[in-house]
Amino acid sequence: GPRLAELLAAGRRLWDELEAGTEPSSGAPAVQDKVRQGLEALQRAAAMVAQLELFSENEELEEIASADLKFLLLPALLGALTLKQVDLGRRLEHLQSAREHFLRFLRLCRSYGLGTAPLPPAQEPTESPPGPGEPPRAQPGLLAMAMSRKAKIERYKQKKELENKLASMRGFVESGTADEDQIREFYILQIQKWISTSLEELESIDQEMVILKSRDAARQGPAAPHGPSRPVRAPVRPFILTRDAAQARVFGAGYPGLPTMTVDDWYEQRRRQGIVSGQSVPQRAPGVSDEELQKQQQEKKEEEDDEEALQKARNWDDWKDTHPRGYGNRQNMG
């Protein structure tokens, strides 16, 4: 099979092609095929490094052979290629995997005395934006924000200086004319540049993971509404509404299975369910039968009709008193 150096060179070459690629979309099949091939080559190389035990936390940087320094970059390259996968359904999984690769790289560099910037926590970020009813969380202090901004600016300047220096040394190393000290310096500069890149990527990963987790929590179910919940009412069975119990007994429903109900029974059922208040139930004097109650209601209606007719007649008489016969007729001038 391919040697360790060949696997690293293949993965690094695919990474450089992806960075300088002209494809309009990162999800294009050609792009994702390169990502897959690069990950396979680097994963095989990482497995071989672990099997050979090239690096140990108990040794110093000077103890690593100059030709082996480049293999320190494997976890960082794996993290960078993992981020280029575009399967939206597995985005959170890819972010978690890339985060582990970058942290492994930074811890390895720290054990050899490379990189002094503080590392982010090993656990995944769990903070989510405050909900609608939650108070806003405390914002970081202005001093901490200013220090963070200053560190980012300084890191950016250092990264640009490293890139310029690497560009000037690359020709000597790749042509084979560089001596061992130049080769060693070249690889250490590459490691320092990737330390800066890894810190930037970790910050972006943590921010994206918080957003994705908050979105997933919102999709799983809306928050319970504030305030007391309304009681669930039992479904109403169909029935025939009659004016009184006598009519219900005589006529019935006309076919089996459908009950009848008087107006009084209907109001009483609504009142027990809390839909209507007790005042809306028609009051009945004690000892009064359904027939007598119906007769009283009919008499009251006739009295109201008589009063209305009497009022209309009075209004008509008043109008005739002020408007004599022929008033307004201007055609018959005689």
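I counted nine helices and two strands in the protein; these are DSSP runs (helices H or I, at least four residues; strands E, at least two), numbered from the N terminus. The model is predicted, so I kept to its rules: local features need pLDDT of at least 70, side-chain atom pairs count only at pLDDT 80 or more, and totals for chains, interfaces and linings use all residues. Residues are numbered from 1 along each chain as its sequence is written, and side-chain values use heavy atoms, with hydrogens and water left out.

I read the order along the sequence as α-α-α-α-α-α-β-α-β-α-α.

Next, burial. I found 27% of the 334 residues buried (under 20% relative accessible area, 1.4 Å probe, protein chains only; exposed is over 50%, partly exposed in between). The accessible surface is about 23,700 Å², and carbon and sulfur atoms hold 53% of that.

Then contacts. Among those between residues at least 6 apart in sequence, 64% join residues at least 24 apart; contact means heavy atoms within 4.5 Å.

H4 (residues 91–111) and H6 (residues 180–220) pack at about 150 degrees, axes 9 Å apart. The two are therefore roughly antiparallel (over 145 degrees). The residues of this contact are 16 nonpolar, two polar and seven charged.

Last, a backbone check. Most residues other than glycine have a negative phi. Glu 53 is not a glycine, yet has a positive phi of about 55 degrees. I placed Glu 53 in the loop between helix H2 (29–52) and helix H3 (74–83). Glu 53 counts as exposed, at 64% relative accessibility.

How values were computed: Axes are lines fitted to C-alpha atoms, for helices over the stretch in contact, and angles run from 0 to 180 degrees between N-to-C directions. Angles under 35 degrees count as roughly parallel, over 145 as roughly antiparallel, 65 to 115 as roughly perpendicular and the rest as oblique. Ala, Val, Leu, Ile, Met, Phe, Trp, Tyr, Cys and Pro count as nonpolar, Asp, Glu, Lys and Arg as charged, and the others, Gly among them, as polar. Accessible areas come from the Shrake-Rupley method with a 1.4 Å probe; for residues, only the protein chains shown count as cover.
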